[in-house]
Amino acid sequence: DNVIRREFDLGEGDAYNHALIDRAERRLKNLAYFKSVKISSEAGSAPDRVIVNVDVEEQSTGEFSVAGGYSTADGFMAEVSVAERNLLGRGQFAKASVQYGQRARGFELSFVEPYLFDYRLAFGVDVFARTVLPSAYQSYEMRTAGGGFRFGIPITDQISLQARYSAYQREIGLDP
């Protein structure tokens, strides 16, 4: 209910504004959480009241992928990734991926709250780690671990500004 209501720029008791209703319908469709979105209105309990009905049909928002390949630098590689664009029906984004290969392996975790404190402000956190083992092309082992955060603010309905900050630690070790 909150995911749908927050896309409306008007609340209960506000004056009816067809332009704002159309904008809310467009925003709901752009979320890609629903197969169909239909907003209709009907007469309310008094002549100056309107009931706004929102009919939505949910669709799958989860993703699961498996990938594999070969690189001359890293050898055979495989990746498994799971993502959810509407985590627990709250509109949050979460992703976890694991990479494993002959000479490289790692993981990445991401989480984004698109409506921080019920405002159109996005905040996200990322954590990652990667290890690259020595090979014929690289005589040292490299371990990288780090994380970051992102903060987004909308400028218009179609344009937003996002700032990111990442920090990581890299250790390089020679093979004796």
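Tutor: The dialogue below treats the sheet, the pockets and the backbone of this predicted model.

Student: Which strands form the open sheet, and in what order?

Tutor: In general, the strands of a sheet pair through backbone hydrogen bonds, and the pairing is either parallel or antiparallel. Here, 7 strands make up an open sheet in the order β3-β4-β5-β6-β7-β8-β9, with antiparallel pairing. The strands β3 (62-71) and β9 stand at the edges with a single partner strand each, so one side of each has no neighbour in the sheet. From one strand to the next, the twist averages 10°.

Student: How many bridges join β7 to β8?

Tutor: Strand β7, residues 122-132, is joined to β8 by 11 bridges, and the two run antiparallel. Phe-123 stands opposite Phe-151 in β8.

Student: What volume does the largest pocket have, and which residues are closest to its centre?

Tutor: Rolling a probe the size of a water molecule over the atoms shows where empty space is left. In this model the largest pocket has a volume of about 770 Å³. It is lined by 28 residues, and Pro-114, Tyr-115, Pro-154, Asp-157 and Ser-160 are the closest to its centre. At least two lining residues come from each of α2 (18-31), β8 (140-154) and β9 (160-174), and α2 supplies the largest share, 5 residues. By class, this lining has 12 nonpolar, 7 polar and 9 charged residues.

Student: Which element gives the most to the lining of the second largest pocket?

Tutor: That element is β2, with 4 residues. The second largest pocket has a volume of about 600 Å³. Of its 18 lining residues, Leu-10, Gly-11, Glu-12, Gly-13 and Val-52 lie nearest the centre. The elements that give two or more residues to this lining are α1 (2-5) and β2 (50-58). The lining divides into 10 nonpolar, 2 polar and 6 charged residues.

Student: Where does Phe-117 lie, and is it buried or exposed?

Tutor: Phe-117 is placed in the loop between β6 (104-113) and β7. Its phi is near 55°, a positive value in a residue other than glycine. Exposed means over 50% relative accessible area, and Phe-117, at 69%, therefore counts as exposed.

Student: What is the phi of Ala-32, and in which loop does this residue lie?

Tutor: Ala-32 has a positive phi of about 65°, although it is not a glycine. Ala-32 belongs to the loop between α2 and β1 (34-43). With a relative accessible area of 28%, Ala-32 is partly exposed.

Notes: Residues are numbered from 1 along each chain as its sequence is written. This is a predicted model: local features need pLDDT of at least 70, side-chain atom pairs count only at pLDDT 80 or more; totals for chains, interfaces and linings use all residues. Side-chain values use heavy atoms; hydrogens and water are left out. On a 1 Å grid over the protein atoms alone, a cavity is a set of points where a 1.4 Å probe fits but cannot get out, and a pocket is an open set with protein on both sides within 12 Å along at least five of seven lines; lining residues have an atom within 4 Å of a point. Grid points are joined across faces, edges and corners, and a volume is the space filled by probe spheres set on the points. Ala, Val, Leu, Ile, Met, Phe, Trp, Tyr, Cys and Pro count as nonpolar, Asp, Glu, Lys and Arg as charged, and the others, Gly among them, as polar. Two strands pair if DSSP finds at least two bridges between them. Axes are lines fitted to C-alpha atoms, for helices over the stretch in contact, and angles run from 0 to 180 degrees between N-to-C directions. Buried means under 20% relative accessible area, exposed over 50%, partly exposed in between (1.4 Å probe, protein chains only).
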